[in-house]
Amino acid sequence: MNPTSAAMTLAAVAFFAAAGYGLQAAVSSPPTLMSPADYDRALAGIDKNTRTELGRCRALAQSSRDLCRARARAEERIAHADLDARYYGTVQAEARAQDVRARVRFQLARAECDARGDERAGCLSQARNEQARALAQLAAAS
């Protein structure tokens, strides 16, 4: 093989390897409906809002503070799931957001039941039943 054809073969191999690497990178990245910068800004906004809400909870009495903190964390988890659903725009991301909403509703109901005191057992039972019903509906829908 002469030096010119060897150089051309090496250049062709390098070109196709680079093209293949670029295609692999494009295929492996998840599709999104918003830019990563917009996603990061929205995520920072959610975190800032959560910190503000948690700061407001500090001024409350202990019994109210726990419920306030649970609400702030619940809103944060729902906002994160909704943002992910908007970012990815897939059916799977929306199903995950609905699942998060159902689970967060239960956690919030559990925190409210803890604040009730003597009615806690009945309240927790009702909250578990509602969560089971919501998760069953989600499973049937998917």
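**Legends to the close-up views**

**View 1. Overall fold of the predicted model.** The protein holds five helices and zero strands, where helices (H or I, at least four residues) and strands (E, at least two) are DSSP runs numbered from the N terminus, and the pattern along the sequence reads α-α-α-α-α. This is a predicted model, in which local features need pLDDT of at least 70 and side-chain atom pairs count only at pLDDT 80 or more, whereas totals for chains, interfaces and linings use all residues. Residues are numbered from 1 along each chain as its sequence is written, and side-chain values use heavy atoms, with hydrogens and water left out. Of the 142 residues in the protein, 20% are buried (under 20% relative accessible area, 1.4 Å probe, protein chains only).

**View 2. Packing of helix α4 against helix α5.** Helix α4 (residues 91-116) and helix α5 (residues 120-141) pack at an angle of about 175°, their axes lying 9 Å apart, with axes fitted to C-alpha atoms over the stretch in contact and angles running from 0 to 180 degrees between N-to-C directions. This makes α4 roughly antiparallel to α5 (an angle over 145 degrees).

**View 3. Surroundings of Thr50.** Thr50 is found in helix α2 (residues 36-57) and counts as buried because its relative accessibility is 7%. Not counting residues up to four places away in sequence, Thr50 touches Ala72, Arg73 and Glu76.

Conventions: Angles under 35 degrees count as roughly parallel, over 145 as roughly antiparallel, 65 to 115 as roughly perpendicular and the rest as oblique. Buried means under 20% relative accessible area, exposed over 50%, partly exposed in between (1.4 Å probe, protein chains only). Contact means heavy atoms within 4.5 Å.
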